[in-house]
Amino acid sequence: MICQGWISLAAWIVFGLLIEGLIGFRSPVLLDDSVRREMFRLAHAHGTLLNLVLIAAAICARLDLIGIGRVTSLGLRAAVVLLPVGFLLAGLWHFKDDPGIAIFLVPLGAVLLLGSAFQIGYSAFRR
Amino acid sequence: MITPRSASAVTTCGFTLLAVALVAATVHLATPDYAGIRAGRIDAGYLESNNCRKCHEGNYATWHATFHRTMTQEANPKSVLGDFERDNTITYQGVRAEMVRENGRYWMKLTGVDGKKQQLEIGRTVGSRRIQQYLTKNGDQWARLPIAYDLVQRRWMHLNGSFFYPDGSDYKQHLTEWNSNCVFCHNVKAQPHLDWTDRSWNTEVAELGIACGACHGPAGEHAQHALSPVTRYRWHMKDPTARSLAVTNPAKLDSDRSAMVCGHCHGQRLPEPRDRIHTMMSDGDPYDAGKNLLEFYRPVQREDKIGSFSFASRFWQDGSPRLTAYEYQGMTRSKCFRAGKPGQRITCISCHEMHGGDPRGQLTEKMKTNAACTQCHQQFSTPVQLVEHTKHSAESSGSLCYNCHMPSIVYGVMSAHRTHDITIPRPDETVRFDKPNACNLCHLDWSVNRAIVASRRLWPNAFIDSKIGDRRFDEPEGQRALFAGDAVMRGLTAAAMTPANDVNGPLLLEAMQDRYPIVRYFAANALAAQYPAMPKPDYLASPEKRNAALQGWYSLFMPEQLRAAKEAHQRLSVGRVEVDVEVGE
């Protein structure tokens with residue numbers, strides 16, 4: 001988890017730099033496409049934030065502050081990928097006024113994240 | 001046996017499902033209901049543009065930038081463009097009008113020749129590009145006020161300065177009932193709701209101004225289904241099993257139906273059959289975008305009459321429209337249209353762009369060039385081919401297709417407009433139909449007969465049968481048309497003389513004596529365009545004030561030039577036939 005978190009965080013930071021570059025150099029690829037701009041912004045925000053959460057969860061588990069089962073871990077790791085990647089792909093290839101079909105990865109990731117978050121919280125409570 | 005692990009899994013799944021259900025319920029409660037909107041009315045299913053914006057942000061933005069949107073608005077600081085504070089009075093024909101804003105409300109205060117005062121509250125505005133007109137509510141009716149604001153010249157004007165009526169006409173002649181006239185084209189899905197029993201009105205529209213519904217029709221069912229992302233993505237993925245609820249898209253209609261969407265307003269029309277007017281006034285406009293316009297209306301033609309009222313003055317003698325709001329009639333007369341295959345021929349959006357381009361004319365920069373015509377007429381694409389065809393240098397105005405095939409021989413809203421009757425320029429049409437011709441609109445110093453001779457020499461095959469006119473057409477056409485034509489011809493000729501030059505300057509000064517203010521308007525603009533340092537003559541001022549203002553202008557020209565212009569004016573205006581024209585848009 002900790003390895004995935006740091007490597008993914010690095011990847012989303014690179015993506016953030018790319019967005020900054022596109023905005024800074026007034027690229028029409030981003031600035032003239034409101035759907036893409038919105039999706040990329042969401043992808044970057046979710047990608048960085050969720051990977052920080054993943055790192056935090058991994059550290060807590062190592063310090064034995066919380067217990068994370070195999071299924072929960074898998075769900076959390078999948079959610080951290082699905083959510084931002086869903087936004088990213090939906091912005092890369094999208095319909096005229098709607099995000100691309102990849103947007104359906106987002107609710108799937110959100111449900112996994114929700115379940116994982118509850119499960120970790122619940123197990124911490126039971127401790 | 002339930003282990004702690006399975007209990008935990010069940011709790012987690014239960015919580016997750018509950019949370020998802022709560023989110024779904026909240027979203028459902030917050031979802032708007034478009035189904036059955038305005039049910040039972042003639043505008044059932046019509047949405048306001050704000051509802052379309054939620055999905056079609058880009059199209060909303062491009063529409064929002066157009067002058068269509070601001071055609072009719074409630075009067076407020078954002079919509080009112082006239083000067084209600086500083087230069088806010090105008091006296092015309094002895095009646096003084098003062099426009100004021102008091103406590104956030106807008107007023108037009110009229111003081112008649114007899115000193116009688118009238119105060120009218122402005123409730124709505126009409127127009128936002130060239131002129132802005134104002135509406136006042138009188139009981140259950142809206143009426144157009146006689147004073148408008150000229151947005152180009154930044155001044156107040158009497159509407160007589162916009163129509164083809166001479167000075168001395170009734171000051172309130174152009175007061176128009178909005179509920180039964182303007183409402184039909186300046187809004188979406190008009191419903192005058194006239195009660196024929198007591199003649200009361202309860203006029204409603206689907207939306208003020210020309211908004212999404214005007215071109216896309218009712219969209220309630222479409223929007224209702226589009227609320228579901230599953231439905232939207234089935235549409236996006238072109239799922240053949242998904243129910244198609246697409247709104248009318250003029251770009252996807254066959255070309256004739258597409259033209260009808262614009263022709264509904266840009267093609268003055270009569271109800272068909274005529275007695276349909278009764279249900280139109282009581283229930284509303286039966287046409288929706290995408291339907292066959294000709295099932296409900298017939299475009300007005302030159303020979304049409306309503307009782308003793310004839311529409312002939314709105315057309316040149318050959319039947320070509322000479323006012324705006326007849327573009328549909330113009331285009332459908334064109335060979336470009338008639339020679340095409342029905343449903344696959346030229347249509348309005350072959351050149352115009354409704355979601356982009358310059359809002360002034362709804363044309364992209366590309367379509368302002370010969371590219372508009374070379375879409376089909378590719379044989380004139382290269383400079384060599386162009387020069388061979390036009391006999392003018394490739395860069396000259398004589399090689400811009402529009403100038404010869406769509407000359408500015410149409411009047412509307414204080415401007416000369418290009419005709420949409422796309423034709424081969426024929427100078428002999430001036431002889432036959434008393435209609436301006438493209439050649440002489442540039443070559444104003446040439447006579448029509450000279451243009452006919454030149455056209456026969458340059459394009460012998462096309463003009464072999466054109467006959468020269470009588471001696472009247474030996475006069476320089478700028479001079480002849482400016483003094484011998486009717487007011488529309490005179491006004492358009494003065495517009496063609498913009499900016500003035502040393503030759504036509506004296507003629508334009510003579511035109512400032514014209515009885516028709518609209519002719520003086522174009523003459524004043526032409527003079528001011530060339531001599532910006534000179535005080536611009538006021539085309540609506542009294543004759544005394546006007547003449548006083550013109551004295552300085554006379555010194556710009558040689559006395560013999562001025563004498564010749566006066567002589568030409570007197571000689572050519574003898575016996576001319578005046579035709580007053582109400583510009584019914």
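How many salt bridges does the structure hold over all chains?

Guide: The structure holds 40 salt bridges over all chains, a salt bridge being a side-chain nitrogen of Lys or Arg within 4 Å of a carboxyl oxygen of Asp or Glu. This is a predicted model, in which local features need pLDDT of at least 70 and side-chain atom pairs count only at pLDDT 80 or more, while totals for chains, interfaces and linings use all residues. Residues are numbered from 1 along each chain as its sequence is written, chains are lettered from A and ligands numbered from 1 in the order in which they are written, and side-chain values use heavy atoms, with hydrogens and water left out.

One salt bridge joins Lys435(B) to Asp318(B), at 2.8 Å from N to O. Lys435(B) lies in the loop between helix H14 (428-433) and helix H15 (438-442) of chain B, and Asp318(B) in the loop between strand E18 (309-310) and helix H9 (327-333) of chain B, 117 residues apart. Helices (H or I, at least four residues) and strands (E, at least two) are DSSP runs, numbered from the N terminus. Lys435(B) is buried, at 3% relative accessibility, and Asp318(B) is buried at 18%; buried means under 20% relative accessible area, exposed over 50%, and partly exposed in between (1.4 Å probe, protein chains only). Both residues belong to a network of salt bridges that also includes Arg333(B), Asp421(B) and Glu429(B).

Another salt bridge, at 2.7 Å from N to O, pairs Asp486(B) with Arg322(B). Asp486(B) lies in the loop between helix H18 (477-484) and helix H19 (487-496) of chain B and Arg322(B) in the loop between E18 and H9, so the pair ties together parts 164 residues apart in sequence. Both Asp486(B) and Arg322(B) are buried.
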